[in-house]
Amino acid sequence: MADLQDEPHTDYAAPTAYTAYTADPVPAGPGTAGAEDTSAPAAGSALERAVALLSVHPVTDGHNTLVWTLRQSPYHDIDTPDSGVDTDIPRLRAGGVGAQFWSLLLPQEAAAPDQVLSDTLDQIDVALALMRRYPDGLCLALTADDMADARNRGRIASFLGPVTGRTLTDSLGALRAFHALGVRILAPAGAPWARDELTPFGHEVVKEMNRLSMLVDLTGCTPEVACQLAGASKAPVIVSHTAAAALKPHPGNVTDEVLLALRAAQGLAMVTFDAAQTGDSLHAVADHVEHVRAVAGPDCVGLGATFGTEPGVPRPAGLTDPSGYPRLVAELLERGWSETDLALLTWGNAQRVLRDAEFTARAAQHRRPA
């Protein structure tokens, strides 16, 4: 039964590309919010239905690298349409994004673990500064209730993570410190304790993450390690940005074996909009979403676009920035998806994974000796 706290207030509708821009269309052009399509959808069209659905069940996006971009180029102002970066608050609202996981991963990690830790702390500092700078648009979220509350107040719920597992060596102290700073997701890929197999220390990391209600992100792990992590965790695990290896071989795409492990663990595979992983069209992205749903199940598929970059990153046509989300939802409607399954894809599955992780944490803390 749905938690009453998850129900949106009746007087709030999430802004979309069409509620925000149709009344007074802005000229189309590079970097213009809503520029991909400033025309209003026809009455009863799939696009209109998509906009209506996203006003109630907004997108939870599993991966955005804006924090890294702002660390390199701090002059961007995301409160207004910014042609120098593909993510800003107007376009997040235009696309119906209601919750965002802000990646704290490092594109080029330093060799020394202490440098990785230092860089990660800098990333957290930039992310927290972002929340403080834009309090009317972004709201730091720590729990599933925070996620629902931010939506009901017209804010974009902002979760910190993933951070890289390389920050943890032989102690769980850094993990607990990250949790205290607000981080809720960690990606083990590349860590010595999850490189070739999940070591005894790796099992301890997963156990402590379960106790802290932190999500394990399998992105970048080998299929063998990903399956081991999914089996070791008592809480659902996620893949924050990926696509189906069965459709397009790519190191970042998950195999059907991993998708089946996610299904067994009631986890979540969040499909990216990276053209290198999916192909260069909206239809190709929809194909990946459908494959993940077919293998992992409708309760285990989500979206993790991997926006947050400066110009130059190849994107599928129609999905070049967050304002394109209604187009993907419209495409899936035209393919016969029910509104119930679409609500799970955009919001419900991510909310459920967070709640299940919190339930697991409460149970673990209850069992822990005093």
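Q: Where is Pro 162 found?
A: Pro 162 sits in the loop between strand 4 (156–160) and strand 5, where helices (H or I, at least four residues) and strands (E, at least two) are DSSP runs numbered from the N terminus. This is a predicted model, in which local features need pLDDT of at least 70 and side-chain atom pairs count only at pLDDT 80 or more, while totals for chains, interfaces and linings use all residues. Residues are numbered from 1 along each chain as its sequence is written, and side-chain values use heavy atoms, with hydrogens and water left out.

Q: And what kind of peptide bond joins Gly 161 and Pro 162?
A: The bond between Gly 161 and Pro 162 is cis, with omega at about 10°. Most peptide bonds are trans, and most residues other than glycine have a negative phi.

Q: What about Ser 213, is its phi positive or negative?
A: Ser 213 has a positive phi, near 60°, in a residue other than glycine; Ser 213 is placed in the loop between helix 8 and strand 7.

Q: On to helices, then. At what angle do helix 10 and helix 12 pack?
A: Helix 10 (residues 256–265) and helix 12 (residues 282–296) pack at about 55°, with their axes 8 Å apart; axes are lines fitted to C-alpha atoms, for helices over the stretch in contact, and angles run from 0 to 180 degrees between N-to-C directions. Helix 10 and helix 12 are therefore oblique to each other, given that angles under 35 degrees count as roughly parallel, over 145 as roughly antiparallel, 65 to 115 as roughly perpendicular and the rest as oblique.

Q: Which residues meet there?
A: From helix 10, Asp 256, Leu 259, Leu 260 and Arg 263 meet His 291, Val 292, Ala 294, Val 295 and Ala 296 of helix 12, contact meaning heavy atoms within 4.5 Å.

Q: How do helix 9 and helix 10 cross?
A: The axes of helix 9 (residues 223–232) and helix 10 come within 9 Å and cross at roughly 5°, so helix 9 and helix 10 are roughly parallel to each other. Pro 223, Ala 226, Cys 227 and Ala 230 of helix 9 make the contact with Glu 257, Val 258, Ala 261 and Ala 265 of helix 10.

Q: Last topic: how many aromatic pairs are there?
A: The count comes to four aromatic pairs, where rings of Phe, Tyr and Trp (its six-membered ring) pair if their centres lie within 6.5 Å, and planes under 30 degrees apart count as stacked, over 60 as edge-to-face and the rest as tilted. In one of them, the rings of Phe 273 and Phe 307 have centres 5.7 Å apart and planes at 80°, so the pair is edge-to-face.

Q: Which parts does that pair tie together?
A: Phe 273 lies in the loop between strand 9 (268–271) and helix 11 (275–278), and Phe 307 in the loop between strand 10 (301–303) and helix 13 (325–334), so the pair ties together parts that are 34 residues apart in sequence.
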